[in-house]
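Hello,

Here is the structure I promised to pass on to you. Have a look at it first, and then read my notes below.

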Amino acid sequence: MNKTDPRLWMWSDAVEMLNRAERMHRQMFQPVARPEAPARHHAPCWEPPVDMLETDHELLVLAALPGVDPDRMTVSIQNGVLTIAGARVLPPELHRATIHRMELPQGRFERQLALPPGRYEVNRPRVVNGCLAIVLRKV
């Protein structure tokens, strides 16, 4: 293949784009120190990705939170905004382990979602396949 062969430069561009995407992904989930937060209350340092689906009778919100203890999460609705908050804590093994790769964000998280107009009742959230499933029944 010569230098004008499109397969060469297209492959090179694709690999560079993937590398750039991975760097952006790492930066997105990098914990950020927020000095304005009081010492006793840590500000959130990451947001979980979510899906929101609506049917005639309910709104379903799925938040990707693998490895997060459901007892360390809160779900609330206030002024038409759903707030999911909690923390992913490092497992005790990590304090004495050699880390080869760590991509799951750690620490306090919070995600706020504006809800479609209407009134909703929160059914008990549950964890399904590593996602927090929140069913909001339309009232």
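As for individual cysteines, C45 is buried at 14% relative accessibility, while C131 is partly exposed at 24%. (Buried means under 20% relative accessible area, exposed over 50%, and partly exposed in between, with a 1.4 Å probe and protein chains only.)

Please keep in mind that this is a predicted model: local features need pLDDT of at least 70, side-chain atom pairs count only at pLDDT 80 or more, and totals for chains, interfaces and linings use all residues. Residues are numbered from 1 along each chain as its sequence is written, and side-chain values use heavy atoms, leaving out hydrogens and water.

Next, the sheet. Strands are DSSP runs of E with at least two residues, numbered from the N terminus, and two of them pair if DSSP finds at least two bridges between them. Three strands make an open, antiparallel sheet in the order β3-β4-β5. Its edges are β3 (73-78) and β5 (107-114), each pairing on one side only. Strand β4 (residues 81-88) is joined to β5 by 8 bridges, and T83 sits opposite Q112 of β5.

Finally, M102 lies in the loop between β4 and β5 and is partly exposed, at 39% relative accessibility.

Notes: Helices (H or I, at least four residues) and strands (E, at least two) are DSSP runs, numbered from the N terminus.
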